[in-house]
Structures are given as C-alpha cells and as structure tokens.
Amino acid sequence: MLSPALPSVYLSLVHNPALLTPQLHIAPLSKTANKKRLGFCRLSGKEAALSGNRVGSDNFEHPDEGCCGGESVSGLSDGEELVRGLQSSSRLREVRKLHSAILKVFGYSNVYVVNNLVSAYLKYGKLVDARKLFDEMPEPNVVTWTALINGCLGLGYETEAFQLFGDFLETGIRPNAKTYVCALNLCGRRADLALGRQIHARVVKGSWRSLIVNSAVVNFYAQSGELSCAFSSFDEMVEKDVICWTTIISACARQGRGEEAFDMFSQMLAGGFSPNEFTVCSVLKACGEERALRLGRQLHGALVKKIYQDDVFVGTSLVGMYSKCGQIEDSRRAFNAMRKRNTVTWTSIIAGYARKGFGHEAISLFRVMKRRNIFGNDLTIVSTLRACGSVEALLTGKEVHAQIVKNSLQRNTYIGSTLVWFYCKCGEYETGFTVLQQMPERDAVSWTAMISGCANLGHEPEALEFLKEMLGEGVEPNPFTYSSALKACANLEAIHQGKLIHSSLNKTPAVSNVFVGSALINMYAKCGYMTEALRVFDSMPERNLVSWKAMIVACARSGLCREALQLLYRMQKEGIGVDEYIVTAVLSACGDIEWEENPVESCVQSS
C-alpha cells in the first residue's frame, strides 16, 4: 500500500522506471537545487543528540573510479594519506582534526576524500556532521548518497532515509550494488513490499545480481514476512555464504517455523559452512519455540562452550532457550556463567521464572537489576508484573507501576493490559478498571484482562457489562474474551446472555476454538441445558482434556451416569489419558456403576 505522505519514490519508479537501470546516467542537480530540495534532514536538537549513538556503517574503503566521481585515485597522493587516517581513526577527535586538514587542502571539491570523511562521521553516529558535509559538496556521487541513506537508516531515521532515497532517484545518478542493498534494507525495515518488489525487479533486469545483493533480497522478503519469496530467492542463488544461510534460518525462527530452521541449518552444515554467532542465536531461538531441548543442548556443548563462550548474544539466547523449554535451573546456570549481560539477558531469566510460577525469584532478580542500574525494556516490565501477579505481590507491582508512570510508559497498550491483569489478579479490580480507562487505546487483550479478572473475582455482572462496552467500542473479542464471558454466564446461570454470546460466536472463527467449546459446555451444563452441552461437544472439531473433563463431569453431576461412563470409554478409545480426577468425579456422583480401566470392549455395567 502506498504511503500517502511519501509518494515520490513510487511515482519516480512508475513514471520513469529507467531511474533504476544501470544504463541511464543523468547529470545530478546543482548544489543550490540539492540544498533546497534536501532541507528535510536537518535534525532538531533532540534528534542531533540521539544521532550520537555509534552505529555500524559501510566505509567504502576502496571505491572504484565511478565511486570517486571520475577522479583518478593516483592523482590524490595527499588525499590518500588523509583517507588512510580517516579509515584508521579510533576516536572522533581524530576525525575532526583530519576534517580541518581536508578543508585546508581540498575544501569540498575532492569527492573521494569527502566521501571518506562522511563515512568516518557516520561510523561514529554523527549524522548531523555528515549531513553538513553532504550539503557543502558541489556534486555528491553515488557513494555519498548511499552512505547518507545508510546512516539515516542505521540511526533509526527511516522516514528521512526513505525521502533521501526518493531524492537520489530524481538525480538520475547510477545506483551501485551497495545502493540496492541499502534500499532493500530500507524496504525490509519499513515492510514496504510494493517498493521492495520494484527494486528487486530492477536488480534482476539490470543484471545487478551478486552475493551481497542477493542476500539483501532474501533479507528483504524475510523482514516483510514473505517467507515463500525469501525461499525462492534463496534457492535461485548460485553462490551462498554464511550470511545468506543465517538470514533464511533467522527468518524461519522468527516466523515460528522451527522445523524448517533446523532443516536449513542441517543443509548449511552439510554444505561445509561454519555457523557464526548470529546463526547460533537463530537456531537456539527456534529450539526454544519448538521445545527442542536435545538440539539446544547439543549446540550448547558443541559450539557455545568451545567457540562463543563469551558472546553476550549467544549467552542470552541460551538463557531464553532453556527457560522456554522449561529448564529454569539450566537457564539460571547459563545466566550465572555469563561474564557480560545486557537488558535482554536479564529480561529472559526474569520472564523464565515468571512463566514457571517462581514469582519471588523473578522479583528478586528484578531488584538486583535495578541496584546495578540496568535499565529494563517493555518486556522486562511486563514479565515483572506477571511475576508480581502470580504471587500477589501488590506493593512491588505498585512500585513497578510508579516507574511506568515516571517513564511515561502507561500509554503502551501491552504494558497497560498487563497492569490491568496484575491488579485484577491481586483482587484490586477497581484499580485495574482505572488503568483501563486511562489507556488511550484499548484492544482485545486489555479488555479481556478486565473481563477475565472480574469473572475470576466473582464480579460476573461487571464482566458482562465490560463485554458490552468492548463491543460498543468496536473491538472484536478473541477466544479468551468469549471464554471469560461464558464463565461469568455459567457462574450466574445466565442462560439468555450465554445463548446470545453463543449466537455471536457462530459468526466467528472462534466457535471452533477448543477452549471456547469447553466454556460453552460448562455454561450450558451449569444452566441445566445438557442437550445443548452435548450438542456443542459433538460438534467440536477437536477436543482436549479440558473439554472431555467438562462434558463427563457435567453428565455425572446432572445424573446422566450412563452417558458419563460411555464418554469415559470413548475418551479412552480415542487415546486420551483418563486422569484420576475424572474417574473420582464420576464414581462419587454415580456410586452404582463400575468402571473398568482396561475393558475388553466398551460397555456399561450397572450394578
């Protein structure tokens, strides 16, 4: 979909597609025109301060003749010395000294030297200085444009990078491979599938395919969520390296396709490629999502301990993998073994403890994190609130809430929803409602937190009232919303409202959800409508232990002992384990029947 505010890039490509072809080389606009047209990128004071973050950047260490604006490198003996100084500089102060020397010797006329000066400033994240140089250059060339676009992108100024790329196209300067790579990275970051496809088409048409460009194409499709296109582009690559293998493995891991990530990793190893730290992190992520503990342990022993022992990102991935696989002790050992930890490391271990129900341990780690002045992210806050809710640590949760307000994070929908859940979990549903009211945007998750909280606390009428408000705001309930509302109806024995919810459910995909089905069975059974409960049970496309338990126990408690026992045998026949709770519930409600745990054939025997 085209961005209404920034149509120039698309219009340039649609009306003049030759702008991205290698054959066309129109002279760039004048210095005055450049300055007038490119004034957008002058940063505010706050933005200038932010641009001090150091980011990686291509240094264009060996530009070819075209990259040097046609000027012979051999004629730049003094310039070569200055360029070597720029490329070997280890401090920003050295770059500024060399800047002064360059101005005295060349001014802004030597494109080759100034390009390296632009790249040196971008290496230290000084986008404002780089931009000033760009504005002073009489005729920036493709290296200058590409370096500045990449600098904006690296510092998070995606809108400015996008506009700058549009202006570059209008100059008619011939793009090089790095320009295409940068443009594809920009489109991937923005999930701009339309423009990225056009650039890909120009890469193919202009015979710009190379290892680095092809890898950027794969990465673009992966970032845009088009995994099938990423695979197609990957399969078409004649030459592959560890970077493109890692790109496709990482894409599979991000999109929850762990088995494919493992398969690609296996192919990569079979091809003789050694994984780098990013490959290992991606495979460990897939191991955590797929609960592939065995492979995770193998990676830990074969690669991490021997090669990447001190890598903070690999260590963090290990902590996350073990915690997601339910091995919290192994996760803690991996955490303790790390010499360096970052915010993500701390968040992973806190989230792991919170998921396993070890709220006090998670809270303790959060306090250590605070004492060491390690700033948390949104997920740290959410995980800590989850831990507080699991052990009803109201005071600690309120401390976290105070920090959220202090840091102006209460507008975050994810954090706000977790706060609502936390207060309801601690029995403070009125405070939870206040948080809900103060949220600028309320989604299905935040409303469901309120509805389920009320239903669990015995405030069923309020839960149903919140459901009405949610629908009034035009928010579509999710399966958990429906399950919570049906629970409230069951507790109230409000069959009329329950039937209305069931009617609404029939118009949505949620009706086939196993948890919603179980909630419907429970609602009808508690209201005494066993025929409807059985009808819902028989119409369910899939059933789990919860739905079987709900139906069997409902039959037994309603005096339908024969039906309950038939369901028990049916459940056993379908290969679902019959637990002691179900058997005990049936036998206690129907004392005059006999249950054969391993019957020769399904039957009902009455005494």
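The buried residues of helix 22 are covered by parts of the chain that include helix 20 (343-355), helix 21 (359-371), helix 23 (394-406) and helix 24 (413-425). Those buried residues are Thr-380, Ile-381, Val-382, Ser-383, Thr-384, Leu-385, Ala-387, Cys-388 and Gly-389. Here, buried means under 20% relative accessible area, exposed means over 50%, and partly exposed is in between (1.4 Å probe, protein chains only). Helices (H or I, at least four residues) and strands (E, at least two) are DSSP runs, numbered from the N terminus. The model is a predicted one, so local features need pLDDT of at least 70 and side-chain atom pairs count only at pLDDT 80 or more, while totals for chains, interfaces and linings use all residues. Residues are numbered from 1 along each chain as its sequence is written, and side-chain values use heavy atoms, with hydrogens and water left out.

Helix 22 also passes a simple length check. The expected span is 1.5 Å times one less than the number of residues in the helix. Within helix 22 (residues 378-390) sits Thr-384, which counts as buried because its relative accessibility is 1%. Neighbours within four places in sequence aside, Thr-384 is in contact (heavy atoms within 4.5 Å) with Ile-350, Phe-366 and Val-400. In the loop between helix 21 and helix 22 lies Asn-373. Its relative accessibility is 63%, so Asn-373 counts as exposed. The phi of Asn-373 is near 60°, a positive value in a residue other than glycine.

Ser-207 counts as exposed because its relative accessibility is 65%.

Zooming out, the protein's secondary structure comes to 34 helices and two strands. Of its 607 residues, 50% count as buried. Among contacts with a separation of 6 or more, 66% are between residues 24 or more positions apart. The protein exposes about 29,200 Å², and carbon and sulfur atoms supply 51% of that area. These areas come from the Shrake-Rupley method with a 1.4 Å probe; for residues, only the protein chains shown count as cover.

Gly-79 gives a closer look at helix 4 (residues 77-88). At 0% relative accessibility, Gly-79 counts as buried. Not counting residues up to four places away in sequence, Gly-79 touches Phe-106 and Val-113. Gly-79 and Phe-106 are 27 residues apart in sequence, and their C-alpha atoms are 8.4 Å apart in space.

Helix 9 (residues 158-171) gets the length check too: its 14 residues at 1.5 Å each should span 20 Å, and the end C-alpha atoms are 20 Å apart, which agrees. Helix 9 is mostly covered, with ten of its 14 residues buried. Among them are Phe-162, Phe-165 and Phe-168, along with Glu-160 and Asp-167. Just after helix 9 comes Gly-172, with a positive phi of about 80°.

Lys-240 belongs to the loop between helix 13 (227-236) and helix 14 (242-254). With a relative accessible area of 23%, Lys-240 is partly exposed. Apart from neighbours within four places in sequence, Lys-240 is in contact with Leu-211, Phe-234, Asp-235, Trp-245 and Phe-273. Its C-alpha atom is separated by 9.5 Å from that of Ile-212, 28 residues away along the chain.

The last case is a pair of helices. Two packed helices are described by the angle between their axes and the distance between the axes. Helix 27 (residues 460-472) and helix 28 (residues 479-492) pack at about 140°, their axes 9 Å apart. Axes are lines fitted to C-alpha atoms, for helices over the stretch in contact, and angles run from 0 to 180 degrees between N-to-C directions. On the helix 27 side, the contact is made by Glu-460, Pro-461, Ala-463, Leu-464, Leu-467 and Met-470, and on the helix 28 side by Thr-481, Ala-485, Ala-488, Cys-489, Asn-491 and Leu-492. These residues divide into nine nonpolar, two polar and one charged. Ala, Val, Leu, Ile, Met, Phe, Trp, Tyr, Cys and Pro count as nonpolar, Asp, Glu, Lys and Arg as charged, and the others, Gly among them, as polar.
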